Amino acid sequence: ESRTICEIGPGYGRLADIYAQMTDCRYFFFDICPSLYISESYFRHLYPDQVASFQRYRHFDDLERAIEGKRFAFLTPNQIELFPSEFFDMVINIDSFSEMKQGTVQAYTENIARIIKTGGLSYFRNLSPDMMSMVGTTTYSVPQKQDYYLPENWEVLVDRHWPLNPAYQEIISRRLS
């Protein structure tokens with residue numbers, strides 16, 4: 001079934017490519033400019049007619065026109081605020097929230113709580129806060145486990161140490177309303 005997916009910090013897009021091969025999803029990359037350049041180049045090679053080029057959109061109407069008929073869009077982190085409520089079916093974050101300041105993660109989760117459709121899912125897998133302190137990632141206020149939780153209209157389906165590497169925390173949630 002078709003899904004509209006938001007990935008924060010997707011790198012070059014290996015997960016997006018898997019979804020694209022198996023479904024007719026639409027995939028939105030949110031990352032810093034150097035990573036967007038790499039992922040857009042990679043996807044332009046794999047899916048030449050399905051890529052909406054990176055631009056500094058200021059209004060959702062402009063973005064909507066640019067992505068019409070395209071499966072892949074490349075956006076900077078601040079552009080997540082342009083999206084209307086309940087736009088995405090799923091949001092994914094793997095390994096980049098633990099690289100951000102606590103306030104940045106909180107801003108993301110506030111936007112995620114707004115832009116995911118009722119019944120939609122979030123998947124977060126990041127280095128656990130305890131492990132971050134152990135490896136010396138304490139130059140700023142690191143995200144805490146509660147920063148990965150969404151508001152009360154979300155149900156936590158999975159909250160565990162990732163079985164393949166217990167240093168990582170894995171949280172899967174669903175929006176109830």
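Student: How many aromatic pairs does a search of the whole structure find?

Tutor: In this predicted model, the search of the whole structure finds 23 aromatic pairs.

Student: Okay, take phenylalanine 28 and phenylalanine 87: why is that pair edge-to-face?

Tutor: The ring centres of phenylalanine 28 and phenylalanine 87 are 5.8 Å apart and the planes stand at 85°, so the pair is edge-to-face, given that planes over 60 degrees apart count that way.

Student: And where in the chain are those two?

Tutor: Phenylalanine 28 belongs to strand β2, residues 26-30, while phenylalanine 87 lies in the loop between β4 and β5, so the pair links distant parts of the chain, 59 residues apart.

Student: Is phenylalanine 87 buried or exposed?

Tutor: Phenylalanine 87 counts as buried because its relative accessibility is 17%, and the cut-off for buried is under 20%; phenylalanine 28 is also buried, with a relative accessible area of 1%.

Student: What about phenylalanine 30 and phenylalanine 83?

Tutor: Those two form an edge-to-face aromatic pair, with 5.8 Å from centre to centre and 70° between the planes, and the pair links strand β2, which holds phenylalanine 30, to phenylalanine 83 in the loop between β4 and β5.

Student: New topic: which ring does the charged end of arginine 125 sit over?

Tutor: The charged end of arginine 125 sits over the ring of tyrosine 168, at 5.5 Å from the ring centre, and Arg125 is also one of the residues lining the largest pocket.

Student: How much space lies in that largest pocket?

Tutor: The largest pocket holds about 180 Å³ of space, and the residues of its lining divide into three nonpolar, four polar and four charged.

Key. Residues are numbered from 1 along each chain as its sequence is written. This is a predicted model: local features need pLDDT of at least 70, side-chain atom pairs count only at pLDDT 80 or more; totals for chains, interfaces and linings use all residues. Side-chain values use heavy atoms; hydrogens and water are left out. On a 1 Å grid over the protein atoms alone, a cavity is a set of points where a 1.4 Å probe fits but cannot get out, and a pocket is an open set with protein on both sides within 12 Å along at least five of seven lines; lining residues have an atom within 4 Å of a point. Grid points are joined across faces, edges and corners, and a volume is the space filled by probe spheres set on the points. Ala, Val, Leu, Ile, Met, Phe, Trp, Tyr, Cys and Pro count as nonpolar, Asp, Glu, Lys and Arg as charged, and the others, Gly among them, as polar. Rings of Phe, Tyr and Trp (its six-membered ring) pair if their centres lie within 6.5 Å; planes under 30 degrees apart count as stacked, over 60 as edge-to-face and the rest as tilted. Helices (H or I, at least four residues) and strands (E, at least two) are DSSP runs, numbered from the N terminus. Buried means under 20% relative accessible area, exposed over 50%, partly exposed in between (1.4 Å probe, protein chains only). A charge sits over a ring if NZ of Lys or CZ of Arg is within 6 Å of the ring centre and within 35 degrees of the ring normal.
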